[in-house]
Amino acid sequence: MIKFRFFIHLSIIYTSFIGASVAQWSPFGEVVDVTVTNNCSMTEGEIALVVSDGIFYCPSRAAIADTQVSDASHFYLVQAYGQLAIHKRSTKLADCWAAHQLAAAPNGRHYVRQWIRHWRAYGTWKAAYGSPEQRIANVRSCCACGV
């Protein structure tokens with residue numbers, strides 16, 4: 001009986017640590033009902049692409065990003081929700097929105113840090129963001145979470 005109780009306590013402690021490490025941001029408020037459609041042919045090579053009434057998501061692109069840098073794809077999806085939440089096509093503002101959201105989410109700094117690692121290694125210059133370092137600097141300043 002004592003061994004069983006010890007095992008139960010150990011399992012609870014282990015689960016609490018594991019649960020914290022995989023916690024992610026989840027949609028809420030006005031974006032909770034956003035439709036996310038898995039359709040890689042509609043994302044134009046991106047992980048997620050915003051359309052007027054939802055998000056097209058490419059699980060295989062997300063898997064590639066996560067293979068390159070573990071958990072990097074989560075930021076890209078949150079950023080897509082951000083474009084819908086702020087009602088603008090500004091990717092810079094959506095980056096900022098995503099950084100704020102993740103800064104307040106369980107384990108959010110981890111996802112911002114992983115995205116930074118991914119964008120530094122694989123990001124390219126884009127007119128909407130500037131250089132990879134400019135985009136990273138924008139996300140860091142918006143996050144204000146010490147990453």
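Predicted model: local features only at pLDDT ≥ 70, side-chain atom pairs only at ≥ 80, totals over all residues.

Trainee: Which residue does Asp-95 meet in a salt bridge?

Mentor: Arg-135, at 2.6 Å, N to O. Asp-95 sits in helix α4 (residues 91-104) and Arg-135 in helix α6, so the pair ties together parts 40 residues apart in sequence. Helices here are DSSP runs of H or I, at least four residues; strands are runs of E, at least two; both are numbered from the N terminus.

Trainee: Is Asp-95 buried or exposed?

Mentor: Buried, with a relative accessible area of 0%. Arg-135 is buried too, at 3%. Buried means under 20% relative accessible area, exposed over 50%, partly exposed in between, with a 1.4 Å probe and protein chains only.

Trainee: And what does Lys-126 pair with?

Mentor: Glu-46, with 3.2 Å from N to O. Lys-126 is in the loop between α5 (108-122) and α6 (132-143), while Glu-46 is in the loop between β1 (35-38) and β2 (48-51). That puts the two 80 residues apart. Lys-126 is partly exposed at 27%. Glu-46 is partly exposed at 32%.

Trainee: Where do Glu-133 and Arg-120 sit?

Mentor: Glu-133 is in helix α6 and Arg-120 in helix α5, 13 residues apart. Their side chains form a salt bridge at 3.0 Å, N to O. Glu-133 is partly exposed, at 42% relative accessibility. Arg-120 is partly exposed, also with a value of 42%.

Trainee: Switching topic. How many residues of α3 are buried?

Mentor: 13 of the 13, so α3 is largely enclosed by the rest of the structure.

Trainee: What does α3 reach from its first C-alpha to its last?

Mentor: Helix α3 (residues 73-85) reaches 19 Å, close to the 18 Å expected. The expected span is 1.5 Å times one less than the number of residues.

Trainee: What comes just after α3?

Mentor: His-87, which takes a positive phi of about 60°.

Technical notes
Residues numbered from 1 in each chain as written. Heavy atoms only, no water. Salt bridge = Lys/Arg side-chain N within 4 Å of Asp/Glu carboxyl O.
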